[in-house]
Every structure is written in structure tokens, then in C-alpha cells.
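Biologist: Before I plan anything around this protein, I would like to go through the terms used to describe it and see how each conclusion is reached. Could you show me the structure, please?

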Amino acid sequence: MTHPYARELGDFLRARRSRLRPQDVGLVPGGRRRVTGLRREELALLAGLSTDYYQRMEQGREVRPSDDVLDAIAGALGLDDEERRHLITLAHAARRPMPRAVDHGPERVPDSTRRLLRVMDTPAVVLGRHLDLLAWNPMAEALLGNPDAYPPDRLNMLLLMFDDAMTGERSCPDWERQALDYIGMMRAAVATDPTHPRATAIVGELSIRSAEFRQLWARHDVRESVSGTKTFRVPEVGDIVLDWDTYPLPGNPGPVMLVFTAEPGSADADRLQLLASLHATRPTGDHSWNGPAPRVVNRRAGRGGG
């Protein structure tokens with residue numbers, strides 16, 4: 001049986017190799033090529049490895065690359081710091097014996113974190129390691145809607161992004177970028193436990209019903225944490241431009257808090273407060289969940305610190 005981390009490592013290496021062209025690394029393309037990216041032997045040459053050894057890594061066969069070998073491969077692939085950490089995490093895990101069954105019980109949000117959410121005067125939500133929506137505050141409900149209408153197992157950022165009933169926002173040019181952020185965060189979670197049943201269920205469902213997801217998932221992009229700016233189109237008050245950041249919460253791996261903020265004293269801050277006031281006067285349950293994706297009309301992304 002192939003070690004799950006070795007399989008994930010091989011998939012990651014293949015995805016990264018396929019994105020490189022010979023001219024990107026100073027090689028002459030030569031004649032007709034049957035692969036879109038570098039050949040295995042070309043990557044092995046750049047990393048100073050035998051083709052057979054590198055091929056065994058991509059195939060998920062039993063290998064235990066040293067840190068020097070990993071550094072050479074990362075350099076040959078042109079990995080950034082986040083991707084390099086991902087490579088090392090997978091390779092180190094693949095060296096260990098097959099993981100034993102672990103507790104995959106439900107994720108819990110501590111009472112102290114829920115209290116923190118309630119006193120925050122800006123929209124904030126807590127996402128589980130596989131992007132399940134675990135908790136939110138009234139400001140987030142004012143901005144995003146009331147999620148109570150959804151079954152708990154459907155309140156997941158990836159499932160909502162690729163929900164067939166929410167296809168309107170896909171005309172937005174930045175929809176794919178936002179989807180890649182969530183997919184990259186899921187990839188980072190999978191690296192810590194490739195056989196987790198929640199990850200398997202979400203990725204499996206989306207892989208079956210969404211060609212878009214299959215294409216983006218196959219890129220093997222990884223994000224440990226992200227930040228950026230989003231414009232929310234809210235009919236009641238107009239467009240609101242908010243910065244957003246993710247903050248890891250205690251636990252290894254643990255949930256993250258996703259927080260939206262407006263520049264103090266700005267028109268966006270005024271609109272956000274007006275929206276919160278309007279929300280406070282609505283009857284309970286009058287607002288159904290829309291999620292971050294449907295109301296987002298634009299995004300300028302940046303990577304967080306991880």
C-alpha cells in the first residue's frame with residue numbers, strides 16, 4: 001500500500017514539474033515534446049539526481065530523501081518559501097511509518113473564542129481546518145447573511161464556492177483567484193492528514209461534480225494563510241471595500257479566524273456600520289446565508305505570513 005504522504009508528495013512534484021518549461025530553466029526545448037512541462041530526466045538533471053531516484057519519488061514509492069535532496073529539488077522547481085515548506089512537510093511525513101488511526105472527532109470552538117467574536121465590532125468568522133464555517137459574529141451575519149438555513153455539513157467555503165446554485169459570481173474575473181485561495185488552504189490541511197475523512201468527502205464530492213474544481217485542485221497550489229482586499233456589493237448600502245486576514249487559533253492544526261476590517265474613518269467603515277444597524281433591526285432569520293463568494297465583486301490578493 002502506498003504511503004499517503006508519499007502519494008501526496010509525488011502528486012505535488014508532478015504538478016510543479018508540469019508548470020516549468022525548458023526555457024524557464026535555461027534548457028533548449030529541442031524537437032517535438034510529449035509533455036507540457038519538464039521531463040523527469042530534465043528535472044533530475046537540474047537537481048543533480050538520478051532519473052530513477054526522482055521517478056520513484058514522483059511515483060510515491062518508498063524513498064527517504066535527505067534535506068539536501070529536498071533543497072536541490074526545491075531549487076530546481078523554483079519553489080517559493082511556502083511551497084518549499086509544503087514539500088519538506090510531506091517528505092518528512094513520508095519517512096515515518098504509516099500513520100495509525102487518529103481521532104477525527106468534530107472540531108470545537110472554545111467558549112473564549114466565541115466571546116471574542118461577540119465583542120469584535122468588525123465581521124469575523126472561524127473556519128475549521130477544512131474550511132468548515134464553525135462560528136461567526138453578528139457583524140459577519142450582517143455582511144454575509146444568516147447561515148442557519150444551511151445544514152452544518154454544507155457550511156463549507158469550498159462547497160459554497162462551487163455550489164451550482166451560486167454560479168452568478170463566477171462571471172467575476174477574480175472568482176478563480178478566490179477559489180484558489182480556499183483550495184490552497186485545503187491543500188495545506190491535507191498535507192497534515194491526507195486520509196482525514198472530512199477532506200476526503202469534500203474533495204471527493206467536488207471532484208465528481210465540478211470540472212472547474214478538478215482543474216484547480218490538480219494545480220497543487222498551497223496557502224498556509226492568506227490576506228487581501230474584497231469589495232462586497234450590498235444592495236442596502238452599496239459597495240463596501242474591506243481588507244481581510246486570517247489568524248491561526250490555538251491547536252495544531254487548528255482553526256483560523258477570518259477577519260474583515262475597514263479603514264477607520266473611511267466611507268467603507270461608515271457603510272459597514274450602517275449595514276450592522278440595519279441588520280440589528282431585521283426580524284430574526286430574515287436573512288439567508290450568501291457566503292463570501294456571491295457578494296464579492298473584486299479581490300486583490302496577497303499572501304499572509306503562514
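Modeller: A polar contact is a pair of N or O atoms within 3.5 Å; within protein, one atom must be able to donate a hydrogen and the other to accept it, and residues adjacent in sequence count only if both atoms are side-chain atoms. This is a predicted model, in which local features need pLDDT of at least 70 and side-chain atom pairs count only at pLDDT 80 or more, while totals for chains, interfaces and linings use all residues. Residues are numbered from 1 along each chain as its sequence is written, and side-chain values use heavy atoms, with hydrogens and water left out.

Biologist: What does the side chain of threonine 122 reach?

Modeller: The side chain of threonine 122 reaches the backbone oxygen of phenylalanine 260 at 2.3 Å, and the limit for a polar contact is 3.5 Å. Threonine 122 sits in the loop between helix 6 (111–119) and strand 1 (124–127), where helices (H or I, at least four residues) and strands (E, at least two) are DSSP runs numbered from the N terminus.

Biologist: Why is threonine 122 called buried?

Modeller: Buried means under 20% relative accessible area, exposed over 50%, and partly exposed in between (1.4 Å probe, protein chains only). Threonine 122 has a relative accessible area of 11%, and therefore counts as buried. Leaving aside neighbours within four places in sequence, its contacts (heavy atoms within 4.5 Å) include Asn137, Met139 and Leu272.

Biologist: What makes arginine 56 partly exposed?

Modeller: Arginine 56, which lies in helix 3 (residues 51–58), has 27% relative accessibility, so it counts as partly exposed. Arginine 56 and alanine 6 are 50 residues apart in sequence and 10.0 Å apart in space, C-alpha to C-alpha, and both are among the residues that line the largest cavity.

Biologist: What makes a space a cavity rather than a pocket?

Modeller: On a 1 Å grid over the protein atoms alone, a cavity is a set of points where a 1.4 Å probe fits but cannot get out, whereas a pocket is an open set with protein on both sides within 12 Å along at least five of seven lines; lining residues have an atom within 4 Å of a point. Grid points are joined across faces, edges and corners, and a volume is the space filled by probe spheres set on the points. The structure holds one cavity of 30 Å³ or more, and the largest cavity contains about 40 Å³ of space. Helix 1 (4–18) and helix 3 each supply at least two residues of its lining.

Biologist: Why is arginine 187 called buried?

Modeller: Arginine 187, found in helix 9 (residues 175–192), has a relative accessible area of 3%, and is therefore buried. A polar contact of 3.1 Å joins the side chains of arginine 187 and histidine 220.

Biologist: How do you know which parts of the protein chain have the lowest and highest confidence?

Modeller: The guide is pLDDT, the predictor's confidence in each residue, from 0 to 100. The protein chain averages a pLDDT of 82, and 82% of the residues score at least 70. Confidence is lowest in strand 6 (residues 296–303), at a mean of 38, and highest in strand 1, at 95. Over residues 293–306 the pLDDT is below 50, although this stretch has 59 contacts in the model beyond near neighbours in sequence.
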